[in-house]
Structures are given as C-alpha cells and as structure tokens.
Amino acid sequence: MNYQLNDTICAIATPIGEGGIGIVRVSGEKAIDAASGLVALRSGAPLPSAASHVLHHADLLDPTDSRRRALLDDALVVVMRGPRSYTGEDVVELQCHGGVVILQTICEALIRAGARLAEPGEFTKRAFLNGRLDLAQAEAVLDTIRAKTAGGLRIAQEQLRGALSREIDTVREKLIGLLAHVEAGIDFVEEDIAFIPSVELTAGLRQAHEAVGRLLAHSREGRILREGVTAAIIGRPNVGKSSLLNALLKTDRAIVTPIPGTTRDVLEEVLNIRGIPVRLLDTAGIRDTTDPVEQEGVRRSRVAQEQADLLLIVLDGSMPLTQDDRTLLEDACPNVDQKRLVVVNKTDLPGRIDPALLPPAGSDCAVAQISVKTGDGLDELRDRIRLLLIRPDFETRETVLVTHLRHQTALQRTQDAMTAALASVEAGQAGELIAMDLRAAIDALGEITGAVSTDDILDRIFKEFCIGK
Ligand SMILES: Nc1nc2c(ncn2[C@@H]2O[C@H](COP(=O)(O)OP(=O)(O)O)[C@@H](O)[C@H]2O)c(=O)[nH]1
Ligand SMILES: [Mg+2]
C-alpha cells in the first residue's frame, strides 16, 4: 500500500446494505470544501463556517443537478476540525439514510470534488501517523470491532485506552535511562569512570525483565480470549459427535441419525463457551470405509484433528471400547500444544466402558461424562473446556493483557535481549556489548506501540481493517 497523506480521503463507514442510517466520512485538508458542494445546511450557513463538533441538519443535494435543486436525502452533518478529530485532520461525517445508492452517490460526488476513496484502515493509519493513537491502540480499534465475546471487548477497550501502552512505555523509558548511563560510560572509558555501578545496572535490568515477564506470563490466555480456539469433535461413527455440536449450539445444526456415517463433511460453527470464542468443528466419524464420499470425509476429519487447538474425543459409554476408539485415544495428540478432553457420552444408558482403559485422573488428558440426550454433564463439560484453556487463577489477576502474537513475539525478543545484557553485565563485558543488547530490547518494545515502526509492520496491521475505518 502506498499511501499519500496530504490528500483527502472518503469512504462509506457503515456496512454496505440496508440500514436505518448510513455514514460517509471524509478526512483531509479539502474535506470541508469537498462536502460543501453536496450539503445545504438548513440554517442557510455555508458549511465552511459551520460550528465544529456540532450536529447540523442539512439537505443533501443531488450532485448531478447543476441548479442545486434536486435533493438526494436529508442528513445530519458534523464537521470536526483537526487536530481534534479521529484522524487529526479536518473530518466531515454525513449521516443519511442507510441505502446503498445514496451512500455511493455521495462518495462519487466527493471523489469528483477532489477526494479519493480511502484504503482499508487509512483513517486509523492517519490517526496513528498524526499521533492520535499509538500502534497498540490502533490494533485495539480493530479488536473492538471484531470482539467475539463481552470479555474480548473489555480487553480491547483497555488496550484502546492505553493500558498496555503505558506498561510498555514505562519499561522502555527505564531501559532508555539505563542505556544513557551505559553509553556515557563508553565515551569516558579512558578516564576509567563508571557512570553506573554494575549492581545498579543489574537491578534495573532485572526489574524490567520481571515487568516483561509478567506481561508474557498471561499472553497465551490473552490471545485465547481475543482470537479464540479451534476445537474439533472427533470419534468413531455414531458416538454422538453431531448431537454434541447441536447441544452446545442449542440448535439442530447437524443432521443426527442412528445410521453410522451420516456426517460426511466438516461442519463449522462459532460459539462462546464460558467467555472463550470457540470455532467448533463436527467431523465425519473416523473408520475404515470403502465409500469414496465417506473416505473423503474421514480425510477431512484428520486434517481438522491436526489443526485443532483442542480435541473433544467422543466415546459411546454404552459400548465397550472398540479398536477404533483405542487408536484414537492413543494417537490423537500429534502436537504438544494441543489440549485433549475425552468425552464419554450416553451416560443415560448402562455404562460399558472399562474405566481402567480411560486416561487416569490427574493425567494431562481430562475425562468428562455426559448425556447429550438428557443434557447431563454439559455444564461441567463447558467448565472443563475453559479450565483446559485458561488457568483457574487467571480471572482474579488484575493484570494488563497481551492479546496479539505480534506483541508477544516482540516481548519475547525484548526478554531475550535483556537476558543477554544481564549476562554481559555479570561477566564484566564491555559497555558496547551491553549497549547493543539494550538497544535491541528498546527497539523491540518500541515496535509494540509504534515508537519504532517500518512500512512493512504498518502495512500488515492496517490491511486487516475494512475500508472506512
Ligand atoms: N441414548 C443416547 N443416545 C444418544 C446420545 N447422544 C446421541 N445419541 C444417539 O446416537 C446416534 C448417533 O448420534 P450422532 O450425533 O449422529 O453421532 P455421530 O455419528 O457421532 O455424529 C443418534 O441416534 C443419537 O440420537 C445420548 O446421550 N444418549
Ligand atoms: Mg455426525
């Protein structure tokens, strides 16, 4: 994306479709001029003299009518003069009825008047480049829009209000202070003056190391709460996988029959389990089959199984374990990060599984007993799913959460650089070496808030946004 920043941009800011209200926003030096051609304020005043940050009732003129008589719609218009605006530039928002033709006609007129269509995320990018938001806050704008749960929204709002940025800036400033002392020492090395005693340097570094460690400690949970997880329901045919999907969704999404091999494809639904966004996959039962359609279903089940963060391995408690069940229990865990929960279903029927064949209590694989038919055990199943993903003491902690992989990896690099710096100090290494590691740590932290940024980082972040944000 090659942005120009001194021109004027416009975009429809509301979703395309029918809506009570639709909003077009314009930002840039010519925003007010460009909108003037379309807007006749009911007060009779010209738009450029309209008060800022006040809603004005206006008629929107049909731009194709040269006598300025034909009306397009009526609207509420707000002018927000920079720098007190979202982007920091002059902004005009036109709030009219939410019809596709109205909104597109307005945009076309603004473009004829000198604006251009905004790139995805360009309003927020301008807000960042004009110092209205830092990079972590800009990311939180998108997190707010995309929040999948109430908890996810709360975390996004904290980040948008600067909770994470303040934490990062505090550590970064501390390190910048230490670096200044170390660098001063390098310049005066001939005079043999130590500008900062190494105990003080070590203490400062340790403190910063701990602060970053605290942020990293909960980053896995933070990411799970923002991004959610993928959970695959697996098991041999007829154990009740599709019934379980339906029960968790509380709808008849998947076809359930007593005929083994009913589910042929992977079904996918997103739901909220105890505050965690879960992408739940119902898969075809895994078994040897000669039916080519079912074979493809089984292949897709295996792919889903490999990619999932969490496996729900369903067994039919009313029957002894089959060889297929045992194979699943044995090799269902190809990667160490994957969590597993064995779900024994049909507890409404007499139990026939030998408990000795199930994973023992206390192993890293939990067991839940349920009956989808009666609903027994489903609440405990939801609790167990949360417990597998989020540590039990997590809720009570009042800590700033890291929710992005980008932040997590930058913090990890910070941590590594500080560990190296600490080792150098302890080994009595030269100041240059310590300074190099300190700079690496400072830069890595700066990437999170955008104090240090490259076009590449910015492009990757803002291309995720929609046009108009
Ligand atoms: N008795 C009893 N039957 C169940 C239970 N859950 C599912 N079933 C039945 O088991 C059969 C297979 O269910 P289905 O969800 O299609 O299994 P899938 O092949 O694993 O997806 C259907 O006849 C369901 O009604 C349960 O908890 N108790
Ligand atoms: Mg099924």
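The C-alpha centres of domain 1 and domain 3 lie 52 Å apart. The model is a predicted one. Its chain is assigned three stretches of domain: domain 1 covers 9-132, domain 2 covers 140-218 + 401-450, and domain 3 covers 230-389.

**Domains**
- Domain 2 is written as two segments, 140-218 and 401-450.
- Domain 3, at 230-389, falls between those two segments in the numbering.

**Helices α6 and α7**
- Two packed helices are described by the angle between their axes and the distance between the axes.
- Helix α6 spans residues 163-187, and helix α7 spans residues 198-217.
- Their axes are 10 Å apart, at an angle of about 160°.
- Angles over 145 degrees count as roughly antiparallel, so α6 and α7 are roughly antiparallel to each other.
- Their crossing is left-handed.
- From α6, the contact uses E167, V171, K174, L175 and L178.
- From α7, the partners are L201, G204, L205, A208, A211, V212 and L215.
- By class, this contact of α6 with α7 holds 9 nonpolar, 1 polar and 2 charged residues.

**Helices α6 and α14**
- Helix α6 also packs with helix α14, residues 431-449.
- The two axes come within 9 Å and cross at roughly 160°.
- α6 and α14 are therefore roughly antiparallel to each other.
- The crossing of α6 and α14 is left-handed.
- The contact of α6 with α14 has 15 nonpolar, 5 polar and 5 charged residues.

**Helices α4 and α5**
- Helix α4 (residues 135-146) packs with helix α5 (residues 150-160).
- The angle is about 155°, and the axes are 8 Å apart.
- α4 and α5 are therefore roughly antiparallel to each other.
- α4 passes α5 in a left-handed crossing.
- On the α4 side, the contact is made by A136, Q137, A140, V141, D143 and T144.
- On the α5 side, L153, A156, Q157, Q159 and L160 make the contact.
- The residues of this α4 and α5 contact divide into 6 nonpolar, 4 polar and 1 charged.

**Ligand 1**
- Ligand 1 is surrounded by 21 residues.
- The closest are G240, K241, S242, S243 and K373.
- Helix α9 (residues 241-249) gives the largest share of the shell, with 3 residues.
- The shell around ligand 1 has 6 nonpolar, 11 polar and 4 charged residues.

**Backbone features**
- Most residues other than glycine have a negative phi, and most peptide bonds are trans.
- G82 and P83 are joined by a cis peptide bond, with omega about 0°.
- P83 lies in the loop between β5 (71-80) and β6 (91-98).
- H53 is not a glycine, yet H53 has a positive phi of about 60°.
- H53 sits in the loop between β3 (39-41) and β4 (55-61).

Methods: Residues are numbered from 1 along each chain as its sequence is written. Chains are lettered from A and ligands numbered from 1 in the order in which they are written. This is a predicted model: local features need pLDDT of at least 70, side-chain atom pairs count only at pLDDT 80 or more; totals for chains, interfaces and linings use all residues. Axes are lines fitted to C-alpha atoms, for helices over the stretch in contact, and angles run from 0 to 180 degrees between N-to-C directions. Helices (H or I, at least four residues) and strands (E, at least two) are DSSP runs, numbered from the N terminus. Angles under 35 degrees count as roughly parallel, over 145 as roughly antiparallel, 65 to 115 as roughly perpendicular and the rest as oblique. A crossing is left-handed if the near helix is turned anticlockwise from the far one by less than a right angle, and right-handed if clockwise. Two residues are in contact if their C-beta atoms, placed from the backbone, lie within 7 Å. Ala, Val, Leu, Ile, Met, Phe, Trp, Tyr, Cys and Pro count as nonpolar, Asp, Glu, Lys and Arg as charged, and the others, Gly among them, as polar. A residue is near a molecule or strand if its C-beta atom, placed from the backbone, lies within 6 Å of it. Domain bounds come from an automatic or database domain assignment.
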